[in-house]
Amino acid sequence: MADFIGAVDQGTTSTRFMIFDHGGNEVAKHQLEHEQILPRSGWVEHDPVEIWERTNSVMQNALRHSGLSGTDLAAIGITNQRETTVVWDRRDGRPYYNAIVWQDTRTDTIAANLDRSGRGDVIRRKAGLPPATYFSGGKIQWILENVDGVREAAEAGHALFGNTDAWVLWNLTGGPDSGIHATDVTNASRTMLMDLETLDWDDELLGFFGIPRSMLPTINPSSHAEAYGVARTSRPLRAAVPIGGVLGDQQAATVGQVCFAPGEAKNTYGTGNFLVLNTGTELVRSQHGLLTTVAYQFGDSPVVYALEGSIAVTGSAVQWLRDQMKIIKTAAESEELARTVDDNGGMYFVPAFSGLFAPYWRSDARGAIVGLARYNDNAHLARATLEAICYQSRDVVEAMEQDSGVHLDVLKVDGGVTANDLCMQIQADVLGVPVSRPVVAETTALGAAYAAGLATGFWRDTDELRTHWHESRRWEPRWPEDRRAQGYAGWKAAVERTLDWVKVS
């Protein structure tokens with residue numbers, strides 16, 4: 001048997017390929033960013049062709065730098081930015097339009113109309129999601145209605161839809177030459193089109209958006225030995241490597257953090273933050289602004305559900321400081337600058353650039369900096385940005401505790417922002433519970449590798465995977481309760497100031 005597992009991690013700002021050994025240790029990694037296309041306010045797009053080219057490049061470079069070849073890989077897993085929508089021509093692989101990214105808000109009218117008509121309640125009941133710009137269904141509808149020729153192509157059976165997992169999979173397995181058009185239950189659960197109980201596309205939901213069923217990929221378990229075929233067109237592999245698993249990025253991180261038991265949770269800090277709580281085989285419907293979603297399904301085992309709190313802007317707020325405001329040159333400098341002050345100086349920054357996601361779901365919100373005094377400077381803004389990441393996570397933790405009755409004893413964290421030690425200390429202080437980071441912080445790719453390895457027998461079972469998890473660092477809360485309460489009250493007041501800025505027709 002080959003000694004390694006590969007994972008394609010197609011993210012919001014970059015694509016990486018990682019290689020892991022049997023102990024779950026990173027052997028090699030290569031990563032490339034892709035362009036963020038911003039045609040107008042609220043619109044966010046990616047070039048699908050660029051993403052596919054980056055996928056090939058990172059696979060090639062990771063293998064070359066490690067001295068490995070495709071024959072050394074027992075399987076490949078795929079994980080991806082969820083909800084980001086690609087529609088392409090099955091005949092030649094040409095995208096009809098740029099990928100519309102999960103952060104994009106152009107479909108706010110579609111979402112608002114669904115709620116006003118009462119169809120939103122059906123979507124909540126069947127799909128576990130509120131009508132929102134976040135999810136794929138409205139994005140597909142927008143492309144069908146606004147890009148010339150796509151509606152006709154879809155009705156003729158030529159147009160295919162997929163989140164970026166399906167786009168990468170289709171190209172890896174042959175593209176126009178019999179490429180596999182498939183997705184997994186976690187990605188399908190993020191479209192507003194799949195019934196959470198049947199795990200199939202729902203005709204009533206498809207009718208709400210006017211989407212032909214022929215556009216949609218086959219829904220498979222997240223980990224499956226035969227469902228996803230073999231990678232046969234990628235130049236660097238030069239071998240028929242099985243693709244054993246597909247998981248949306250946050251579900252992949254849940255698997256990578258080995259949250260296999262009901263009540264176990266993780267929080268991923270990336271472009272946005274995503275807190276996922278395993279609820280087991282029980283489908284828990286949120287009453288406090290969270291999403292009911294699929295955590296994973298391994299082979300023929302029953303599906304495992306989750307509650308999720310999705311936050312649109314966290315790590316990307318630090319990028320905003322760097323790229324738009326230019327008060328730092330690198331993301332790491334945010335920590336250095338924020339450490340020069342003891343607190344936020346009364347300043348709060350609510351980065352509602354794409355509205356507010358969980359638990360508010362307010363597309364009319366926009367970013368705001370409040371509480372400013374002449375005393376405040378750029379260090380206070382850097383500190384307020386890190387605090388915004390942590391306060392938004394507290395909003396979600398509180399909603400999750402109300403929905404599930406589970407009180408977190410410790411928060412498992414992963415993702416790029418966890419390299420910021422000050423931010424993680426603030427997170428422990430804001431929550432009042434310890435924060436724990438694993439040795440392998442990039443758990444998204446690791447989860448995809450685990451799914452692929454379970455499917456192909458590389459790993460025996462989830463108990464074996466648990467033995468691979470090791471803590472790297474733990475942050476204990478330091479703030480007294482009165483400071484914690486006062487700070488959170490200020491945050492909630494700041495959030496109120498962001499609402500009703502955009503009129504949703």
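1. Asp-203 counts as exposed, at 53% relative accessibility; exposed means over 50% relative accessible area, buried under 20%, and partly exposed in between (1.4 Å probe, protein chains only). Asp-203 forms a salt bridge with Arg-213, and the closest N and O atoms of the pair are 2.9 Å apart. Asp-203 lies in helix α8 (residues 203-209) and Arg-213 in the loop between α8 and β12 (218-220), so the pair ties together parts that are 10 residues apart in sequence. Arg-213 is partly exposed, with a relative accessible area of 36%.

2. On the basis of these values: this is a predicted model, in which local features need pLDDT of at least 70 and side-chain atom pairs count only at pLDDT 80 or more, while totals for chains, interfaces and linings use all residues. Residues are numbered from 1 along each chain as its sequence is written, and side-chain values use heavy atoms, with hydrogens and water left out.

3. On terms: a salt bridge is a side-chain nitrogen of Lys or Arg within 4 Å of a carboxyl oxygen of Asp or Glu. Helices (H or I, at least four residues) and strands (E, at least two) are DSSP runs, numbered from the N terminus. Side chains of opposite charge can pair when their charged atoms come close. The structure holds 33 salt bridges.

4. One of these pairs joins Asp-104 and Arg-106, with 2.8 Å between the closest N and O atoms. Asp-104 is buried, with a relative accessible area of 1%, and Arg-106 is buried as well, with a value of 10%.

5. A further salt bridge links Lys-492 to Asp-395, the closest N and O atoms being 3.8 Å apart. Lys-492 belongs to helix α16 (residues 481-496) and Asp-395 to helix α12 (residues 378-404), so this pair ties together parts that are 97 residues apart in sequence. Lys-492 counts as partly exposed at 35% relative accessibility, whereas Asp-395 counts as buried at 4%. Elsewhere, salt bridges that share partners join Arg-82, Glu-83, Arg-190, Asp-249 and Glu-308 into one network.

6. Helix α13 (residues 421-431) deserves a separate point. Of its 11 residues, 10 are buried, so the helix is largely enclosed by the rest of the structure. Among the buried residues are Leu-422, Cys-423, Met-424, Asp-429 and Leu-431. Asn-420 caps the N-terminal end of α13, with a side-chain oxygen 3.3 Å from the backbone nitrogen of Leu-422. Just after α13, Gly-432 takes a positive phi of about 80 degrees.

Definitions and conventions. Polar contact = N/O pair within 3.5 Å; in protein donor to acceptor, adjacent residues only side chain to side chain.
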